[in-house]
Amino acid sequence: MPLKLLKTSAPGRTSDHLRQLVLGVLPSYKTFADPLFGHEARSAARRTWASASLRHVTTRFVLTPKMRRQLVQLQRRRSFDQRESIGEPADTIVLPAANTSSCKCAATMHRWFAYALAVWPRAEWLGKTEDDVYVQLRA
């Protein structure tokens with residue numbers, strides 16, 4: 001199941017100013033192998049499902065420092081459309097890389113949930129999906 005949720009607070013404690021769902025979009029296995037695929041997947045998500053203005057959903061795209069460096073190198077080598085930046089929009093965070101050569105996806109997921117709990121401690125739900133998944137969020 002691509003979408004993982006973690007309940008963080010008791011039911012009925014959500015007020016209108018709180019984000020009920022904080023969704024982390026983590027790199028898929030394919031993105032770890034091909035950072036350009038991840039860039040294109042994040043761009044597609046921003047043009048489609050992530051652009052929906054749902055009041056109680058916060059979406060963050062997660063990168064590792066190595067992915068960020070690879071994207072900068074790709075930007076230098078290729079001529080990208082000037083309208084499409086390969087930089088880091090405000091909805092993107094860079095989390096420290098895992099100290100392991102195996103289980104990168106699991107380690108990145110662990111770091112996402114630790115980060116999300118620290119940044120949004122009062123969110124009712126924390127979620128995780130991957131950048132190669134189309135998410136249908138209902139209001």
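This is a predicted model: local features need pLDDT of at least 70, side-chain atom pairs count only at pLDDT 80 or more; totals for chains, interfaces and linings use all residues.
Residues are numbered from 1 along each chain as its sequence is written, and side-chain values use heavy atoms, with hydrogens and water left out.

Show helix α4, residues 104-119, where W112 and Y115 lie three residues apart and are thus separated by about one helical turn; helices are DSSP runs of H or I with at least four residues, numbered from the N terminus. Their rings make a tilted pair, with 6.2 Å centre to centre and 35° between the planes. Rings of Phe, Tyr and Trp (its six-membered ring) pair if their centres lie within 6.5 Å, and planes under 30 degrees apart count as stacked, over 60 as edge-to-face and the rest as tilted.

Colour by accessibility next: W112 is buried at a relative accessible area of 0%, whereas Y115 is partly exposed at 28%. Buried means under 20% relative accessible area, exposed over 50% and partly exposed in between, with a 1.4 Å probe and protein chains only.

Finally, select K30 with F37, where the charged end of K30 sits over the ring, 4.6 Å from its centre. This term requires NZ of Lys or CZ of Arg within 6 Å of the ring centre and within 35 degrees of the ring normal.

Definitions and conventions:
Helices (H or I, at least four residues) and strands (E, at least two) are DSSP runs, numbered from the N terminus.
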